Amino acid sequence: MGHIVSMVELGKLFLHHYNNQFSITVLLITNDFWSNPSITSYIETISKTYPSISFHRLPPHSINTYPPRSHLDMAFQLISLSTPEVIQSLVEISNICKVSAFIIDFFCTYALSGAEELNIPTYYFFTSGAGCLATFLNLPKISEQYTKSFKDLPDTILHFPGGLPDLKAIHMVEPMLDSDDPAYHEVVYFCSHLPKAHGILVNTFDDLEPKAVRILKDEEWALDVKVPPIYPIGPLIADGEDVHHECLSWLDRQPSKSVVFLCFGSRGSFSKKQVKEIAKGLEKSGQRFLWVVKKPPEDEESKQTDHISDFDLDEILPQGFLERVQDRGKVVKSWAPQVKVLSHDSVGGFVTHCGWNSVLEAVVADVPLVAWPLYAEQHLNRNLLVEYMEMAIPVDQRDEDGFVSGDELEKRVRELMDSEKGIELREKSMKLKESALGAWGESGSSLRALEELVKKWQAS
Ligand SMILES: O=c1ccn([C@@H]2O[C@H](COP(=O)(O)OP(=O)(O)O[C@H]3O[C@H](CO)[C@@H](O)[C@H](O)[C@H]3O)[C@@H](O)[C@H]2O)c(=O)[nH]1
(Lines give C-alpha, C1' and ligand atoms only; values in the text may rest on other atoms or scores of the structure.)
Protein backbone atom coordinates (compact mmCIF):
# COMPACT_ATOMS: atom_id res chain seq x y z
CA MET A 1 0.00 0.00 0.00
CA GLY A 2 2.80 2.41 0.98
CA HIS A 3 4.41 1.95 -2.43
CA ILE A 4 1.17 2.43 -4.41
CA VAL A 5 0.30 5.56 -2.46
CA SER A 6 3.79 7.00 -3.05
CA MET A 7 3.62 6.27 -6.78
CA VAL A 8 0.19 7.89 -7.07
CA GLU A 9 1.40 10.92 -5.11
CA LEU A 10 4.20 11.22 -7.65
CA GLY A 11 1.64 11.13 -10.47
CA LYS A 12 -0.38 13.82 -8.70
CA LEU A 13 2.77 15.92 -8.40
CA PHE A 14 3.32 15.92 -12.19
CA LEU A 15 -0.33 16.78 -12.79
CA HIS A 16 -0.26 19.57 -10.23
CA HIS A 17 2.78 21.31 -11.72
CA TYR A 18 2.32 20.41 -15.39
CA ASN A 19 -1.41 20.36 -15.82
CA ASN A 20 -2.52 19.20 -19.30
CA GLN A 21 1.01 18.21 -20.30
CA PHE A 22 1.00 14.68 -18.96
CA SER A 23 -1.37 11.87 -18.34
CA ILE A 24 -0.38 9.15 -15.91
CA THR A 25 -0.85 5.41 -16.28
CA VAL A 26 -0.14 3.26 -13.24
CA LEU A 27 0.60 -0.40 -14.01
CA LEU A 28 -0.55 -2.64 -11.18
CA ILE A 29 0.15 -6.27 -10.52
CA THR A 30 -2.98 -8.18 -9.58
CA ASN A 31 -2.90 -11.20 -7.34
CA ASP A 32 -4.61 -12.62 -4.27
CA PHE A 33 -1.35 -12.00 -2.47
CA TRP A 34 -1.89 -8.26 -2.83
CA SER A 35 -5.66 -8.10 -2.83
CA ASN A 36 -6.61 -5.78 -0.05
CA PRO A 37 -9.92 -3.90 0.23
CA SER A 38 -8.17 -0.67 1.18
CA ILE A 39 -6.13 -0.78 -2.07
CA THR A 40 -9.29 -1.31 -4.12
CA SER A 41 -11.14 1.57 -2.48
CA TYR A 42 -8.06 3.81 -2.69
CA ILE A 43 -7.79 3.21 -6.44
CA GLU A 44 -11.50 3.87 -6.93
CA THR A 45 -11.23 7.19 -5.09
CA ILE A 46 -8.15 8.31 -7.05
CA SER A 47 -9.73 7.31 -10.38
CA LYS A 48 -12.77 9.45 -9.57
CA THR A 49 -10.88 12.50 -8.30
CA TYR A 50 -8.00 12.42 -10.80
CA PRO A 51 -9.33 11.40 -14.23
CA SER A 52 -5.85 11.96 -15.74
CA ILE A 53 -4.55 9.07 -13.66
CA SER A 54 -5.57 5.67 -14.99
CA PHE A 55 -4.82 2.28 -13.51
CA HIS A 56 -3.97 -0.64 -15.72
CA ARG A 57 -4.17 -3.98 -13.94
CA LEU A 58 -1.87 -6.66 -15.28
CA PRO A 59 -3.25 -10.21 -15.51
CA PRO A 60 -2.72 -12.38 -12.40
CA HIS A 61 -0.05 -15.07 -12.23
CA SER A 62 0.50 -17.96 -9.94
CA ILE A 63 3.84 -19.29 -8.88
CA ASN A 64 4.83 -22.42 -10.70
CA THR A 65 8.60 -22.42 -10.47
CA TYR A 66 9.41 -23.53 -6.92
CA PRO A 67 7.78 -23.15 -3.50
CA PRO A 68 8.62 -19.67 -2.19
CA ARG A 69 11.08 -19.52 0.67
CA SER A 70 9.68 -16.33 2.16
CA HIS A 71 6.85 -13.87 1.50
CA LEU A 72 9.32 -11.58 -0.26
CA ASP A 73 10.57 -14.42 -2.45
CA MET A 74 6.93 -15.00 -3.43
CA ALA A 75 6.37 -11.29 -4.07
CA PHE A 76 9.47 -11.05 -6.25
CA GLN A 77 8.52 -14.16 -8.24
CA LEU A 78 5.08 -12.70 -8.93
CA ILE A 79 6.52 -9.34 -9.98
CA SER A 80 9.06 -11.05 -12.23
CA LEU A 81 6.33 -13.15 -13.90
CA SER A 82 4.49 -9.96 -14.85
CA THR A 83 7.44 -8.42 -16.68
CA PRO A 84 6.44 -9.51 -20.22
CA GLU A 85 3.01 -7.90 -19.73
CA VAL A 86 4.63 -4.72 -18.42
CA ILE A 87 6.72 -4.47 -21.57
CA GLN A 88 3.66 -5.32 -23.71
CA SER A 89 1.73 -2.51 -21.99
CA LEU A 90 4.57 -0.08 -22.73
CA VAL A 91 4.44 -1.09 -26.40
CA GLU A 92 0.67 -0.59 -26.50
CA ILE A 93 0.82 2.80 -24.77
CA SER A 94 3.66 3.90 -27.07
CA ASN A 95 1.43 3.10 -30.06
CA ILE A 96 -1.09 5.66 -28.85
CA CYS A 97 1.13 8.41 -27.41
CA LYS A 98 4.69 9.29 -26.57
CA VAL A 99 5.85 7.79 -23.28
CA SER A 100 7.87 10.60 -21.68
CA ALA A 101 9.19 8.39 -18.94
CA PHE A 102 8.69 5.00 -17.37
CA ILE A 103 9.04 5.23 -13.61
CA ILE A 104 9.51 2.05 -11.64
CA ASP A 105 9.48 1.06 -8.01
CA PHE A 106 12.72 -0.49 -6.70
CA PHE A 107 10.99 -3.90 -6.54
CA CYS A 108 10.07 -3.70 -10.24
CA THR A 109 13.65 -3.63 -11.53
CA TYR A 110 12.89 -6.63 -13.79
CA ALA A 111 11.23 -4.24 -16.27
CA LEU A 112 14.23 -1.90 -16.55
CA SER A 113 16.16 -3.53 -19.39
CA GLY A 114 13.05 -4.31 -21.50
CA ALA A 115 11.91 -0.69 -21.29
CA GLU A 116 15.37 0.64 -22.13
CA GLU A 117 15.40 -1.67 -25.19
CA LEU A 118 12.25 0.11 -26.32
CA ASN A 119 14.16 3.39 -25.91
CA ILE A 120 11.83 4.53 -23.19
CA PRO A 121 13.76 6.52 -20.57
CA THR A 122 13.39 4.61 -17.34
CA TYR A 123 13.68 6.09 -13.87
CA TYR A 124 13.33 4.73 -10.38
CA PHE A 125 11.09 6.27 -7.80
CA PHE A 126 12.87 5.39 -4.57
CA THR A 127 10.27 5.44 -1.78
CA SER A 128 12.77 5.57 1.06
CA GLY A 129 15.33 8.32 1.71
CA ALA A 130 18.59 9.45 0.12
CA GLY A 131 20.75 7.92 2.91
CA CYS A 132 19.04 4.60 2.38
CA LEU A 133 19.55 4.87 -1.39
CA ALA A 134 23.24 5.65 -0.92
CA THR A 135 23.56 2.56 1.29
CA PHE A 136 21.61 0.36 -1.16
CA LEU A 137 23.96 1.36 -3.98
CA ASN A 138 26.75 -0.25 -1.97
CA LEU A 139 24.97 -3.46 -0.98
CA PRO A 140 26.19 -5.48 -3.99
CA LYS A 141 29.80 -4.78 -2.95
CA ILE A 142 29.08 -5.52 0.70
CA SER A 143 27.39 -8.81 -0.19
CA GLU A 144 30.49 -9.95 -2.11
CA GLN A 145 32.58 -9.65 1.05
CA TYR A 146 30.65 -12.23 3.09
CA THR A 147 29.92 -15.89 2.50
CA LYS A 148 27.82 -16.39 5.63
CA SER A 149 24.28 -15.01 5.96
CA PHE A 150 24.19 -11.62 7.68
CA LYS A 151 21.75 -13.04 10.24
CA ASP A 152 24.53 -15.41 11.36
CA LEU A 153 27.09 -12.64 11.93
CA PRO A 154 26.10 -11.23 15.35
CA ASP A 155 29.48 -9.57 15.92
CA THR A 156 29.96 -8.04 12.49
CA ILE A 157 29.57 -4.34 11.81
CA LEU A 158 29.20 -3.29 8.19
CA HIS A 159 30.95 -0.10 7.04
CA PHE A 160 29.87 2.05 4.12
CA PRO A 161 31.71 4.76 2.18
CA GLY A 162 30.85 8.46 2.13
CA GLY A 163 30.56 8.71 5.93
CA LEU A 164 27.28 6.77 5.96
CA PRO A 165 26.46 5.20 9.34
CA ASP A 166 27.66 1.69 10.14
CA LEU A 167 25.12 -1.09 10.32
CA LYS A 168 25.16 -4.28 12.42
CA ALA A 169 25.09 -7.24 10.00
CA ILE A 170 22.05 -8.63 11.86
CA HIS A 171 20.24 -5.37 11.01
CA MET A 172 20.75 -5.78 7.27
CA VAL A 173 17.68 -4.95 5.16
CA GLU A 174 15.16 -7.73 5.70
CA PRO A 175 15.41 -9.73 2.46
CA MET A 176 19.20 -9.84 2.68
CA LEU A 177 19.46 -11.46 6.10
CA ASP A 178 19.42 -15.02 4.82
CA SER A 179 21.63 -15.81 1.82
CA ASP A 180 19.71 -19.08 1.24
CA ASP A 181 16.58 -17.06 0.49
CA PRO A 182 16.32 -16.31 -3.25
CA ALA A 183 14.93 -12.89 -2.24
CA TYR A 184 18.44 -12.04 -0.98
CA HIS A 185 19.87 -12.34 -4.48
CA GLU A 186 16.95 -10.46 -6.01
CA VAL A 187 17.66 -7.47 -3.76
CA VAL A 188 21.33 -7.52 -4.76
CA TYR A 189 20.13 -7.63 -8.39
CA PHE A 190 17.81 -4.64 -7.79
CA CYS A 191 20.58 -2.64 -6.10
CA SER A 192 23.10 -3.40 -8.83
CA HIS A 193 20.65 -2.11 -11.46
CA LEU A 194 20.01 1.25 -9.79
CA PRO A 195 23.00 2.85 -11.62
CA LYS A 196 21.62 1.70 -14.98
CA ALA A 197 18.52 3.91 -14.86
CA HIS A 198 18.25 7.34 -16.50
CA GLY A 199 17.83 8.78 -13.04
CA ILE A 200 16.45 8.18 -9.56
CA LEU A 201 13.66 10.25 -8.07
CA VAL A 202 13.91 10.16 -4.28
CA ASN A 203 11.18 10.96 -1.79
CA THR A 204 13.25 13.39 0.24
CA PHE A 205 14.43 16.99 0.11
CA ASP A 206 17.88 18.56 0.26
CA ASP A 207 17.57 20.10 3.73
CA LEU A 208 16.29 16.89 5.31
CA GLU A 209 19.26 14.81 4.16
CA PRO A 210 21.94 17.31 3.15
CA LYS A 211 24.87 14.91 3.65
CA ALA A 212 23.27 12.01 1.80
CA VAL A 213 22.11 14.17 -1.11
CA ARG A 214 25.60 15.64 -1.34
CA ILE A 215 27.36 12.27 -1.54
CA LEU A 216 24.85 10.99 -4.09
CA LYS A 217 25.53 13.99 -6.30
CA ASP A 218 29.27 14.02 -5.63
CA GLU A 219 31.13 13.78 -8.90
CA GLU A 220 34.19 12.55 -7.02
CA TRP A 221 32.38 9.28 -6.46
CA ALA A 222 32.22 9.53 -2.67
CA LEU A 223 30.17 6.37 -2.81
CA ASP A 224 32.58 4.32 -4.86
CA VAL A 225 29.87 3.39 -7.37
CA LYS A 226 28.42 5.11 -10.40
CA VAL A 227 25.32 7.09 -9.41
CA PRO A 228 22.82 8.21 -12.06
CA PRO A 229 21.23 11.69 -11.85
CA ILE A 230 19.38 12.07 -8.55
CA TYR A 231 16.15 14.05 -8.20
CA PRO A 232 15.10 14.69 -4.56
CA ILE A 233 11.46 15.58 -5.17
CA GLY A 234 9.93 15.16 -1.72
CA PRO A 235 8.38 15.26 0.69
CA LEU A 236 5.54 13.49 -1.07
CA ILE A 237 2.97 12.31 1.43
CA ALA A 238 -0.67 11.36 1.05
CA ASP A 239 -3.39 13.79 2.11
CA GLY A 240 -4.94 12.93 5.45
CA GLU A 241 -7.84 10.49 5.03
CA ASP A 242 -11.20 12.20 5.02
CA VAL A 243 -12.52 10.26 8.01
CA HIS A 244 -13.56 11.14 11.45
CA HIS A 245 -11.97 8.66 13.82
CA GLU A 246 -12.84 8.60 17.52
CA CYS A 247 -9.16 9.11 18.40
CA LEU A 248 -9.31 12.60 16.84
CA SER A 249 -12.11 13.65 19.22
CA TRP A 250 -10.03 12.26 22.09
CA LEU A 251 -7.02 14.30 20.89
CA ASP A 252 -9.22 17.41 20.82
CA ARG A 253 -9.56 17.08 24.60
CA GLN A 254 -5.79 16.86 25.31
CA PRO A 255 -3.45 19.81 25.95
CA SER A 256 -1.24 21.13 23.15
CA LYS A 257 1.84 18.98 22.27
CA SER A 258 1.21 16.67 25.24
CA VAL A 259 0.49 13.32 23.57
CA VAL A 260 3.00 10.67 22.42
CA PHE A 261 1.70 8.81 19.38
CA LEU A 262 2.83 5.19 18.90
CA CYS A 263 2.18 3.63 15.51
CA PHE A 264 4.25 1.07 13.63
CA GLY A 265 3.25 1.28 9.98
CA SER A 266 1.03 -0.93 7.90
CA ARG A 267 2.46 -4.25 9.10
CA GLY A 268 3.97 -3.51 12.50
CA SER A 269 2.60 -5.99 14.99
CA PHE A 270 4.17 -7.31 18.20
CA SER A 271 4.11 -10.49 20.28
CA LYS A 272 1.70 -10.51 23.23
CA LYS A 273 4.70 -10.29 25.57
CA GLN A 274 5.97 -7.15 23.80
CA VAL A 275 2.50 -5.57 23.83
CA LYS A 276 2.34 -6.04 27.63
CA GLU A 277 5.81 -4.54 28.00
CA ILE A 278 4.85 -1.45 25.94
CA ALA A 279 1.78 -1.01 28.15
CA LYS A 280 3.97 -1.25 31.25
CA GLY A 281 6.38 1.39 29.88
CA LEU A 282 3.62 3.79 28.90
CA GLU A 283 1.90 3.44 32.25
CA LYS A 284 5.12 4.12 34.17
CA SER A 285 6.07 7.06 31.93
CA GLY A 286 3.16 9.13 33.23
CA GLN A 287 2.86 10.70 29.76
CA ARG A 288 -0.29 11.06 27.68
CA PHE A 289 -0.34 8.63 24.77
CA LEU A 290 -2.26 7.42 21.74
CA TRP A 291 -1.22 3.88 20.79
CA VAL A 292 -2.22 1.89 17.69
CA VAL A 293 -2.11 -1.85 18.43
CA LYS A 294 -2.34 -4.52 15.75
CA LYS A 295 -3.30 -8.13 16.40
CA PRO A 296 -0.28 -10.08 17.69
CA PRO A 297 0.57 -12.77 15.10
CA GLU A 298 0.08 -16.42 16.10
CA ASP A 299 3.33 -17.36 14.32
CA GLU A 300 5.88 -16.09 11.74
CA GLU A 301 3.71 -17.30 8.85
CA SER A 302 0.57 -15.43 9.93
CA LYS A 303 2.55 -12.20 10.47
CA GLN A 304 1.77 -11.16 6.87
CA THR A 305 -2.01 -11.32 7.28
CA ASP A 306 -2.87 -11.30 10.99
CA HIS A 307 -2.27 -7.59 11.40
CA ILE A 308 -5.50 -6.77 9.56
CA SER A 309 -7.67 -9.21 11.55
CA ASP A 310 -9.98 -8.20 14.38
CA PHE A 311 -9.13 -9.12 17.97
CA ASP A 312 -9.99 -8.39 21.59
CA LEU A 313 -7.81 -5.68 23.15
CA ASP A 314 -8.63 -6.77 26.71
CA GLU A 315 -7.13 -10.16 26.00
CA ILE A 316 -3.68 -8.81 25.19
CA LEU A 317 -3.30 -5.77 27.46
CA PRO A 318 -2.31 -6.11 31.14
CA GLN A 319 -5.32 -6.54 33.42
CA GLY A 320 -6.88 -3.23 34.40
CA PHE A 321 -4.48 -1.23 32.17
CA LEU A 322 -7.16 0.62 30.22
CA GLU A 323 -8.97 1.71 33.41
CA ARG A 324 -5.76 2.84 35.10
CA VAL A 325 -4.67 5.04 32.19
CA GLN A 326 -8.11 6.18 31.06
CA ASP A 327 -7.45 9.84 31.95
CA ARG A 328 -4.35 10.12 29.81
CA GLY A 329 -4.11 7.24 27.37
CA LYS A 330 -6.02 5.91 24.40
CA VAL A 331 -5.50 2.58 22.65
CA VAL A 332 -6.80 2.16 19.12
CA LYS A 333 -7.14 -1.20 17.40
CA SER A 334 -5.34 -1.85 14.08
CA TRP A 335 -5.40 1.52 12.34
CA ALA A 336 -5.57 5.27 13.00
CA PRO A 337 -5.59 8.10 10.45
CA GLN A 338 -1.89 8.81 10.99
CA VAL A 339 -1.49 11.94 8.86
CA LYS A 340 -4.39 13.61 10.68
CA VAL A 341 -3.16 12.42 14.07
CA LEU A 342 0.38 13.72 13.52
CA SER A 343 -0.88 17.10 12.41
CA HIS A 344 -3.16 17.42 15.45
CA ASP A 345 -2.00 20.14 17.84
CA SER A 346 -2.10 17.79 20.87
CA VAL A 347 0.53 15.43 19.47
CA GLY A 348 4.02 16.23 20.72
CA GLY A 349 6.02 13.07 19.98
CA PHE A 350 5.97 9.96 17.80
CA VAL A 351 7.34 6.48 18.51
CA THR A 352 7.81 5.14 14.98
CA HIS A 353 9.00 1.97 13.23
CA CYS A 354 11.02 4.29 10.91
CA GLY A 355 9.03 3.53 7.76
CA TRP A 356 9.98 6.35 5.43
CA ASN A 357 6.45 7.66 4.86
CA SER A 358 5.95 7.89 8.60
CA VAL A 359 9.22 9.82 8.92
CA LEU A 360 8.17 12.30 6.23
CA GLU A 361 4.70 12.69 7.70
CA ALA A 362 6.26 13.50 11.07
CA VAL A 363 8.64 16.01 9.48
CA VAL A 364 5.81 17.82 7.71
CA ALA A 365 3.79 17.87 10.94
CA ASP A 366 6.78 18.99 13.02
CA VAL A 367 6.70 16.04 15.46
CA PRO A 368 9.97 14.74 17.03
CA LEU A 369 10.72 11.01 16.98
CA VAL A 370 11.65 7.98 19.01
CA ALA A 371 13.00 5.37 16.59
CA TRP A 372 11.94 1.73 17.07
CA PRO A 373 12.71 -0.14 13.82
CA LEU A 374 11.10 -3.51 13.09
CA TYR A 375 11.84 -4.90 9.61
CA ALA A 376 12.59 -4.01 5.94
CA GLU A 377 15.16 -1.16 5.77
CA GLN A 378 14.01 0.34 9.07
CA HIS A 379 17.19 -0.36 11.09
CA LEU A 380 19.10 1.46 8.41
CA ASN A 381 16.65 4.36 8.63
CA ARG A 382 17.01 4.37 12.43
CA ASN A 383 20.80 4.77 12.16
CA LEU A 384 20.39 7.53 9.61
CA LEU A 385 17.77 9.34 11.71
CA VAL A 386 19.82 9.08 14.91
CA GLU A 387 23.44 9.38 13.78
CA TYR A 388 23.35 11.11 10.41
CA MET A 389 20.35 13.41 10.58
CA GLU A 390 20.27 13.74 14.40
CA MET A 391 16.51 13.94 14.56
CA ALA A 392 15.46 10.93 16.65
CA ILE A 393 16.04 9.21 19.99
CA PRO A 394 16.74 5.47 19.57
CA VAL A 395 15.29 2.70 21.76
CA ASP A 396 17.68 0.03 22.92
CA GLN A 397 16.58 -3.30 21.44
CA ARG A 398 17.63 -6.87 22.21
CA ASP A 399 19.81 -8.11 19.33
CA GLU A 400 18.22 -11.57 19.04
CA ASP A 401 14.62 -10.50 18.50
CA GLY A 402 14.38 -6.70 18.73
CA PHE A 403 12.57 -6.89 22.10
CA VAL A 404 12.30 -3.59 24.01
CA SER A 405 11.72 -3.59 27.76
CA GLY A 406 9.00 -1.48 29.34
CA ASP A 407 11.65 0.38 31.37
CA GLU A 408 13.53 1.31 28.20
CA LEU A 409 10.40 2.60 26.49
CA GLU A 410 9.46 4.57 29.62
CA LYS A 411 12.93 6.16 29.64
CA ARG A 412 12.84 7.13 25.94
CA VAL A 413 9.31 8.49 26.04
CA ARG A 414 10.22 10.66 29.03
CA GLU A 415 13.39 11.77 27.25
CA LEU A 416 11.39 12.82 24.20
CA MET A 417 8.64 14.62 26.09
CA ASP A 418 10.45 15.97 29.10
CA SER A 419 14.21 16.59 28.71
CA GLU A 420 16.79 18.93 27.18
CA LYS A 421 17.31 16.41 24.38
CA GLY A 422 13.57 16.47 23.70
CA ILE A 423 13.60 20.28 23.50
CA GLU A 424 16.55 20.12 21.08
CA LEU A 425 14.70 17.67 18.84
CA ARG A 426 11.56 19.80 18.98
CA GLU A 427 13.52 22.85 17.80
CA LYS A 428 15.09 20.82 15.01
CA SER A 429 11.72 19.45 13.91
CA MET A 430 10.27 22.98 13.73
CA LYS A 431 13.11 24.01 11.42
CA LEU A 432 12.65 20.91 9.28
CA LYS A 433 8.97 21.62 8.84
CA GLU A 434 9.81 25.07 7.51
CA SER A 435 12.43 23.57 5.17
CA ALA A 436 9.90 21.01 3.94
CA LEU A 437 7.55 23.83 2.99
CA GLY A 438 10.46 25.74 1.46
CA ALA A 439 11.42 22.77 -0.75
CA TRP A 440 8.22 23.38 -2.73
CA GLY A 441 8.29 27.17 -2.51
CA GLU A 442 9.55 29.45 -5.27
CA SER A 443 13.00 28.15 -6.31
CA GLY A 444 12.80 25.49 -3.58
CA SER A 445 15.12 22.50 -4.04
CA SER A 446 12.40 19.92 -4.82
CA LEU A 447 10.67 22.21 -7.28
CA ARG A 448 13.98 22.81 -9.06
CA ALA A 449 14.70 19.07 -9.23
CA LEU A 450 11.26 18.47 -10.72
CA GLU A 451 11.71 21.23 -13.29
CA GLU A 452 15.11 19.87 -14.29
CA LEU A 453 13.63 16.42 -14.82
CA VAL A 454 10.66 17.59 -16.84
CA LYS A 455 12.87 19.84 -19.00
CA LYS A 456 14.85 16.74 -19.93
CA TRP A 457 11.68 14.96 -21.00
CA GLN A 458 10.45 17.96 -22.96
CA ALA A 459 13.78 18.22 -24.78
CA SER A 460 13.84 14.55 -25.80
O1 LIG B 1 -2.42 2.98 11.68
C2 LIG B 1 -1.87 3.39 10.65
C3 LIG B 1 -0.67 2.84 10.13
C4 LIG B 1 -0.13 3.40 9.01
N5 LIG B 1 -0.73 4.43 8.37
C6 LIG B 1 -0.15 5.02 7.15
O7 LIG B 1 0.50 3.98 6.42
C8 LIG B 1 1.72 4.46 5.86
C9 LIG B 1 2.85 3.62 6.38
O10 LIG B 1 3.98 3.88 5.59
P11 LIG B 1 5.46 3.72 6.15
O12 LIG B 1 5.66 4.51 7.36
O13 LIG B 1 6.40 4.01 5.03
O14 LIG B 1 5.56 2.23 6.63
P15 LIG B 1 5.29 0.83 5.89
O16 LIG B 1 3.89 0.68 5.54
O17 LIG B 1 5.85 -0.17 6.82
O18 LIG B 1 6.18 0.97 4.54
C19 LIG B 1 7.06 0.17 3.80
O20 LIG B 1 7.54 1.05 2.77
C21 LIG B 1 8.32 2.17 3.24
C22 LIG B 1 8.67 3.02 2.03
O23 LIG B 1 9.45 2.33 1.14
C24 LIG B 1 9.55 1.67 3.98
O25 LIG B 1 10.30 2.77 4.46
C26 LIG B 1 9.10 0.76 5.13
O27 LIG B 1 10.21 0.26 5.84
C28 LIG B 1 8.28 -0.39 4.57
O29 LIG B 1 7.86 -1.25 5.61
C30 LIG B 1 1.86 5.92 6.28
O31 LIG B 1 1.41 6.75 5.24
C32 LIG B 1 0.92 6.04 7.47
O33 LIG B 1 0.34 7.33 7.60
C34 LIG B 1 -1.89 4.99 8.86
O35 LIG B 1 -2.45 5.93 8.31
N36 LIG B 1 -2.41 4.44 9.99
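Throughout these legends, Ala, Val, Leu, Ile, Met, Phe, Trp, Tyr, Cys and Pro count as nonpolar, Asp, Glu, Lys and Arg as charged, and the others, Gly among them, as polar. The views come from a predicted model.

**View A. The shell around the ligand has 20 residues.** By class, that shell splits into 7 nonpolar, 10 polar and 3 charged residues. If you want to start with the closest ones, look for Ser 266, Ala 336, Ser 358, Glu 361 and Glu 377. Which helix gives the largest share of the shell? That's H15, spanning residues 356–365, with 4 residues.

View B. How much of the ligand does the protein bury? On its own the ligand would expose 680 Å², and the protein buries 90% of that.

**View C. The second largest pocket has a volume of about 370 Å³.** Its lining is made up of 15 residues, and the closest to the pocket centre are Leu 13, Pro 235, Leu 236, Ile 237 and Trp 440. Two helices, H1 (2–17) and H18 (420–439), each bring at least two residues to this lining. H1 gives the most, with 5 residues. Sorted by class, the lining of this pocket holds 9 nonpolar, 2 polar and 4 charged residues.

**View D. A cis peptide bond joins Gly 234 and Pro 235.** Pro 235 turned up in the previous view, among the residues closest to the centre of the second largest pocket. Here the focus is on the backbone, where omega between Gly 234 and Pro 235 is about 0°. Where does the proline lie? Pro 235 is in the loop that runs between strand E8 (230–232) and helix H9 (246–252).

**View E. Cys 354 has a positive phi.** The value is near 75°, and the residue isn't a glycine. Most residues other than glycine have a negative phi. Cys 354 belongs to the loop between strand E12 (347–352) and H15. That's the helix which gives 4 residues to the shell around the ligand.

**View F. About 50 Å³ of space lies in the largest cavity.** In total, 2 cavities of 30 Å³ or more were counted. Lining the largest one are Val 359, Ala 362, Val 363, Val 367, Pro 368, Leu 369, Met 391, Leu 425, Ser 429 and Leu 432. How do they divide by class? There are 9 nonpolar residues, 1 polar and no charged. Helices H15 and H18 each supply at least two of the lining residues.

**View G. The second largest cavity has a volume of about 40 Å³.** Its lining consists of Phe 264, Gly 268, Ser 269, Phe 270, Val 275, Trp 291, Val 292, Val 293 and Lys 294. Strand E10 (residues 288–293) gives the largest share, 3 residues. By class, you get 6 nonpolar, 2 polar and 1 charged in this lining.

**View H. Arg 69 and Asp 178 form a salt bridge.** The structure has 18 salt bridges, and in this one the N to O distance is 3.0 Å. The partners sit 109 residues apart, so the pair links distant parts of the chain. Arg 69 comes from the loop between strand E2 (53–58) and helix H3 (71–81), while Asp 178 comes from the loop between strand E6 (167–168) and helix H7 (182–193).

Definitions and conventions: Residues are numbered from 1 along each chain as its sequence is written. This is a predicted model: local features need pLDDT of at least 70, side-chain atom pairs count only at pLDDT 80 or more; totals for chains, interfaces and linings use all residues. Side-chain values use heavy atoms; hydrogens and water are left out. A residue is near a molecule or strand if one of its heavy atoms lies within 4 Å of it. Accessible areas come from the Shrake-Rupley method with a 1.4 Å probe; for residues, only the protein chains shown count as cover. On a 1 Å grid over the protein atoms alone, a cavity is a set of points where a 1.4 Å probe fits but cannot get out, and a pocket is an open set with protein on both sides within 12 Å along at least five of seven lines; lining residues have an atom within 4 Å of a point. Grid points are joined across faces, edges and corners, and a volume is the space filled by probe spheres set on the points. A salt bridge is a side-chain nitrogen of Lys or Arg within 4 Å of a carboxyl oxygen of Asp or Glu.
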